[in-house]
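The sequence and structure come first, and the notes follow by topic.

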Protein chains: 2
Amino acid sequence: MSDQVKIKTENLRQFTKMILGNFISEQDARITADVLLAADVRGIESHGVARLQRYISGLKQGVILPIGEAKIIKETPVSIVADGQGGMGQPITCKIMEKCIEKARTHFMCFASIRNSNHYGIAGYYTKMALEENMIGISLTNSAPLVLPTFSSEAVIGTNPISIGIPAQKHRPFLLDMATSTVPRGKLEVYARKNKPMPDSWATDEKGIPSVDPSLVLHNMVHRIGGGLLPLGGGGELTGGHKGFGLSAVVDIFSGVLSSGKLGKDVYGEKGKPAGVCHFIGAIHPDAFCGLKEISSNMDDYIDMLKSSRPAEGEDYIYVAGEKEYRNEEKNAQEMWLQDKVFQNLRDLGKEFGLTLPSL
Amino acid sequence: MSDQVKIKTENLRQFTKMILGNFISEQDARITADVLLAADVRGIESHGVARLQRYISGLKQGVILPIGEAKIIKETPVSIVADGQGGMGQPITCKIMEKCIEKARTHFMCFASIRNSNHYGIAGYYTKMALEENMIGISLTNSAPLVLPTFSSEAVIGTNPISIGIPAQKHRPFLLDMATSTVPRGKLEVYARKNKPMPDSWATDEKGIPSVDPSLVLHNMVHRIGGGLLPLGGGGELTGGHKGFGLSAVVDIFSGVLSSGKLGKDVYGEKGKPAGVCHFIGAIHPDAFCGLKEISSNMDDYIDMLKSSRPAEGEDYIYVAGEKEYRNEEKNAQEMWLQDKVFQNLRDLGKEFGLTLPSL
């Protein structure tokens with residue numbers, strides 16, 4: 001694989017942390033590096049260290065502030081409203097999630113709606129924090145407006161992911177982490193590079209008509225001509241696109257309406273100003289319901305039932321949410337591959353701070 | 001419209017309540033009739049009085065028990081686990097939702113996971129109960145296994161709907177109520193009657209290969225040959241079908257895993273035995289977050305933003321979740337149309353109990 005470079009996972013983590021440490025506290029740099037690495041090792045490269053350059057630019061330009069803690073605006077035994085004050089999404093969200101988990105130990109559950117934050121990496125990271133404490137986790141975030149409401153040609157909603165995790169016993173926990181658009185923008189880029197037509201449920205042309213031409217759609221997105229990604233289910237209502245739109249709106253609402261933050265096209269709405277990304281996270285203690293022992297054992301039975309269903313012709317395996325990512329995690333624990341382009345960008349970035357990223 | 005019959009909505013409600021009153025208490029009959037009518041007036045006919053015959057058969061055969069109240073198995077300030085004891089889904093769920101709303105007044109939120117219940121009608125009914133008290137509502141239920149996991153050819157999960165509602169001020173509340181399959185089975189029946197090919201993201205043949213032949217798929221479903229409905233996003237992963245599958249599993253988990261109830265293909269798993277349907281419902285007080293005034297006003301702004309986005313070519317209106325159903329509700333408040341077949345079935349059912357349903 002000549003367009004990929006092999007590195008030690010731990011080296012990449014340290015390198016990322018050291019670079020971030022020039023702008024934010026060591027603790028916040030450690031958290032942010034951990035969230036970025038979690039994406040790469042889980043195989044979600046679009047949300048990994050490839051984003052570091054963008055974070056550093058944001059910190060330099062002052063559109064991301066070197067703040068790693070949210071201000072608590074309101075608190076009840078089971079809920080939090082917090083203001084990220086334009087700071088780094090990862091440490092802000094991580095610390096509030098720790099608070100949610102702590103409160104859920106006493107009060108059975110706690111949910112937080114956070115406004116004025118920034119890109120927080122993969123939604124599933126925070127869900128996993130709850131899973132590691134044997135709790136049920138939830139994590140939602142709004143994001144840059146790239147997606148069309150049903151019957152619209154104007155991208156005013158984000159790819160707004162939903163992540164939900166539930167502990168199991170013999171199986172790894174169920175861990176859903178999905179954008180509410182059919183695909184992320186990165187998928188179009190892959191198809192454009194290969195000059196390959198895409199399915200017509202992914203995106204539309206500038207008139208809002210489903211398109212199979214990824215280059216056209218990307219050109220229109222970059223130049224803000226119109227059109228964009230389609231919600232899960234595709235265009236119109238015939239194949240359920242209004243459902244994906246509805247789910248995307250729910251994510252916006254829990255993240256931004258409940259916290260009185262930015263919504264829809266106002267997220268990243270003013271160039272040079274803080275993005276105002278909003279999140280919704282939470283933890284539910286299993287004792288709120290049938291308790292960990294029963295719930296995790298029920299989960300095992302359920303996962304077994306799903307996996308033992310008869311495969312479709314040509315298939316031989318039924319995947320459960322999170323399974324592919326767990327496999328990547330194991331594979332990439334010690335060493336991992338980086339796209340050559342990403343590796344070179346990181347090296348250039350490192351030079352600026354007198355840091356080197358060794359390859360294997 | 002010669003295949004439709006016009007009736008007074010109030011007459012249909014009374015008629016439905018009187019028939020049910022032969023089996024369950026007057027209060028429970030009133031609640032059940034109200035939930036069924038809510039479906040019809042909102043235009044979701046598949047979940048309306050057309051189901052009455054099936055409920056009555058179930059009650060006669062003892063697979064639905066004449067019980068209208070769940071047994072509380074566990075309770076915390078913010079959660080309930082309840083056992084429906086094989087009773088009627090509507091009164092059971094309605095009473096537990098009232099309890100959730102009551103508890104949310106004091107403790108900011110309450111969620112209930114209910115096992116051993118039956119079909120509870122439209123998910124959105126219970127969400128709406130929360131909205132009427134100016135709270136945020138959620139309602140999920142598992143259901144008969146008609147849907148395929150991604151890469152499977154065996155229907156082991158339900159159409160498992162998700163309903164979420166959030167209060168607004170000048171606008172009607174946001175009210176999402178969607179199956180997590182691309183379409184419900186009824187949509188295939190409509191296409192089969194018209195001999196029309198269906199989109200290939202709706203269902204598969206017996207081998208799990210997407211099919212455009214609704215008659216074939218329905219035949220296979222009735223005779224349990226294999227195949228079934230596809231999750232939202234369609235077959236495989238290319239168009240996001242694994243996301244619909246993941247969401248459907250989440251509904252099963254919150255309804256049946258948290259309550260230690262029936263899951264997946266075990267729901268309606270034994271003929272002649274109680275179905276064991278499970279639900280998850282809950283209410284969140286706006287004071288848990290930014291309060292009703294801010295939240296409902298934020299919702300107005302958000303809905304305005306979505307609706308004012310530029311329509312796609314050939315379209316002129318952006319719908320928000322629940323909007324079409326509110327319009328139907330207004331239209332059908334006094335008088336409504338019933339399919340002639342449904343009307344005749346109800347008349348036949350009425351004769352059995354000495355009741356008549358007058359048409360206009």
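**Surroundings of Leu140(B)**

Setting aside neighbours within four places in sequence, Leu140(B) is in contact with Ala123(B), Pro161(B), Ile162(B), Val251(B), Phe254(B), Ser255(B), His279(B) and Phe280(B). The model is predicted.

- Leu140(B) belongs to strand S5 of chain B, which runs over residues 136-141.
- Leu140(B) counts as buried because 26 other C-beta atoms lie within 10 Å, the cut-off being 20 or more.
- Between Leu140(B) and Ile166(B), which are 26 residues apart along the chain, the C-alpha separation is 15 Å.

**Helix H9 of chain B**

- Helix H9(B) covers residues 291-307, and its 17 residues should span 24 Å at 1.5 Å a residue; the end C-alpha atoms are 24 Å apart, in agreement with that value.
- Its buried residues are Ile295(B), Ser296(B), Asn298(B), Met299(B), Tyr302(B), Ile303(B) and Leu306(B).
- Viewed down the axis of H9(B), these buried residues fall within an arc of 155°, so they line one face of the helix.
- In an α-helix there are 3.6 residues a turn, so residues three or four places apart point the same way.
- Lys293(B) and Asp304(B) are exposed on the face of H9(B) turned away from the buried side.
- The packing partners of the buried residues of H9(B) are helix H8 (241-257) of chain A, together with strands S6 (162-166) and S7 (174-178) of chain B.

**Contact between chains A and B**

- Chain A gives 65 residues to the contact, and chain B gives 65 residues.
- On the side of chain A that touches chain B, at least two residues each come from strands S3 (79-83), S4 (109-117), S6 (162-166) and S7 (174-178), and from helices H8 and H9 (291-307) of chain A.
- By class, that side of chain A has 37 nonpolar, 19 polar and 9 charged residues.

- H2(A) has 16 residues and reaches 22 Å from its first C-alpha to its last, close to the 22 Å expected at 1.5 Å a residue.
- Of the 16 residues in H2(A), 13 are buried, so the helix is mostly covered.
- H2(A), residues 26-41, packs with H4(A), residues 89-107, at an angle of about 95°, and the axes are 8 Å apart.
- The two helices H2(A) and H4(A) are therefore roughly perpendicular.
- H2(A) contributes Asp28(A), Ile31(A), Thr32(A) and Val35(A) to this contact, while H4(A) contributes Gln90(A), Pro91(A) and Cys94(A).
- The contact of H2(A) with H4(A) has 4 nonpolar, 2 polar and 1 charged residues.

**Packing of H3 on H11 in chain A**

- H3(A), residues 52-61, and H11(A), residues 340-352, pack at an angle of about 35° with axes 10 Å apart.
- Leu52(A), Gln53(A) and Ile56(A) of H3(A) meet Asn345(A), Leu346(A) and Leu349(A) of H11(A).
- This contact has 4 nonpolar and 2 polar residues, and no charged residues.

**Helix H6 of chain A**

- Within H6(A), residues 185-193, the buried residues include Arg185(A), Lys187(A), Leu188(A) and Tyr191(A).
- These four cover an arc of only 155° around the axis, which puts them on the same side of H6(A).
- Gly186(A), Val190(A) and Arg193(A) are exposed on the other side of H6(A).
- The buried residues of H6(A) pack against helix H7 (214-222) of chain A.
- Asn195(A), which follows H6(A), has a positive phi near 55°.

Methods: Residues are numbered from 1 along each chain as its sequence is written. Chains are lettered from A and ligands numbered from 1 in the order in which they are written. This is a predicted model: local features need pLDDT of at least 70, side-chain atom pairs count only at pLDDT 80 or more; totals for chains, interfaces and linings use all residues. The expected span of a helix is 1.5 Å times one less than its number of residues. A residue is buried if 20 or more other C-beta atoms lie within 10 Å of its own, exposed if 12 or fewer, and partly exposed in between; C-beta atoms are placed from the backbone. The arc is that of the directions from the helix axis to the C-beta atoms. Two residues are in contact if their C-beta atoms, placed from the backbone, lie within 7 Å. Ala, Val, Leu, Ile, Met, Phe, Trp, Tyr, Cys and Pro count as nonpolar, Asp, Glu, Lys and Arg as charged, and the others, Gly among them, as polar. Axes are lines fitted to C-alpha atoms, for helices over the stretch in contact, and angles run from 0 to 180 degrees between N-to-C directions. Angles under 35 degrees count as roughly parallel, over 145 as roughly antiparallel, 65 to 115 as roughly perpendicular and the rest as oblique.
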